Every structure is written in structure tokens, then in C-alpha cells.
Amino acid sequence: MSFYNLFVGDTLDNLFSKYAWRFLFLTVGIFFLLDLILSFLKEFEDLNDFYTIDKIFLFLSFSSLDSLFDIFPLSAIVSTIICMGAISDSGELIAARVSGKKLGTIIVAVLKPVFLGTIAMLISW
């Protein structure tokens, strides 16, 4: 496997990576919104004359980036499991194996978004 094929891949690799990106964005979005709602409800308990709704939203906007760093590992695991299940359920995993794709290259194609997301998190940390 050459360096070019590892990062760019062929048509099946791009298809599997596209599925993985969709599921990763979906799970990050769901977990982020759930965390945001629960954080809002937690902060809403402390509401008083000095700690108003404006300050709650300001606090949540500042702490949301930190919550993305907490949410990403769980989202990566869940999205990878869901993606592999969806690929297997639709029969594309069997078709890729029949066409000669190794299981390792399929797994690398599914994990590309996770690798790129982890590198982006490490750079921005």
C-alpha cells in the first residue's frame, strides 16, 4: 500500500470515508446538543438576580469548545461502530471483500475521519 493510496484511496475507500464523516458529524452533533441542554439545565438552577440568562448563555458559549473536546472520543467510538454496522448491513462490506479489499484497508478508510479529528484536536489543544 503506497502513501498516496493510504490517504486518498480508491472509490470504495472514499465511499466508506464519506459514510464515516456523516456518522461522525451526526454523533458529535447529537452528543453536543445533549451536553448543551444538560449544561443549560444545570446552570439554570443557579439563576438569580446577578447570574442572569445572558450570563448563562455567555458561559455556555465559552465552555462549549471544551465540551467538544470531551465529547469527541465517545463520538468517534460510537460513529465507527455505527458506520461499520451500516456498511455491513447494506452489504457493501461483503462486496468490498469480494472485490479484493483487505479488511485492514476498509478499517483505515472508516477511521480516516477519526484520525483527522484527533489530529485537529491535538493541534488546537
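Helices H2 and H5 cross in a right-handed way, meaning the near helix is turned clockwise from the far one by less than a right angle. The helices here are DSSP runs of H or I with at least four residues, numbered from the N terminus. This is a predicted model, where local features need pLDDT of at least 70 and side-chain atom pairs count only at pLDDT 80 or more, while totals for chains, interfaces and linings use all residues. Residues are numbered from 1 along each chain as its sequence is written, and side-chain values use heavy atoms, with hydrogens and water left out.

Back to our pair. H2 covers residues 11-44 and H5 covers residues 103-124; their axes come within 8 Å and cross at roughly 40°. Those axes are lines fitted to C-alpha atoms over the stretch in contact, and angles run from 0 to 180 degrees between N-to-C directions. H2 and H5 are therefore oblique to each other. (Angles under 35 degrees count as roughly parallel, over 145 as roughly antiparallel, 65 to 115 as roughly perpendicular, and the rest as oblique.)

Who touches whom? On the H2 side, the contact includes Phe16, Ser17 and Trp21, and on the H5 side it includes Ala109, Lys112 and Pro113. Contact means heavy atoms within 4.5 Å. Let's zoom in on Ser17, which sits in H2. Ser17 is buried, with a relative accessible area of 7%; buried means under 20%, exposed over 50% and partly exposed in between, using a 1.4 Å probe and protein chains only. Leaving aside neighbours within four places in sequence, Ser17 is in contact with Ala109, Lys112 and Pro113.

Now for some charge. Side chains of opposite charge can pair when their charged atoms come close. How many salt bridges does a search of the whole structure find? It finds one, and the partners are the side chains of Asp13 and Lys101, at 3.0 Å from N to O. Asp13 lies in H2 and Lys101 in the loop between H4 (92-98) and H5, so the pair ties together parts that are 88 residues apart in sequence. A salt bridge needs a side-chain nitrogen of Lys or Arg within 4 Å of a carboxyl oxygen of Asp or Glu. Both Asp13 and Lys101 are buried.

Finally, meet H3, residues 53-89, which packs against H2 at an angle of about 145°, with the axes 5 Å apart. H3 also packs with H5, at about 170° and with axes 9 Å apart. H3 and H5 are therefore roughly antiparallel to each other.

Notes. Helices (H or I, at least four residues) and strands (E, at least two) are DSSP runs, numbered from the N terminus.
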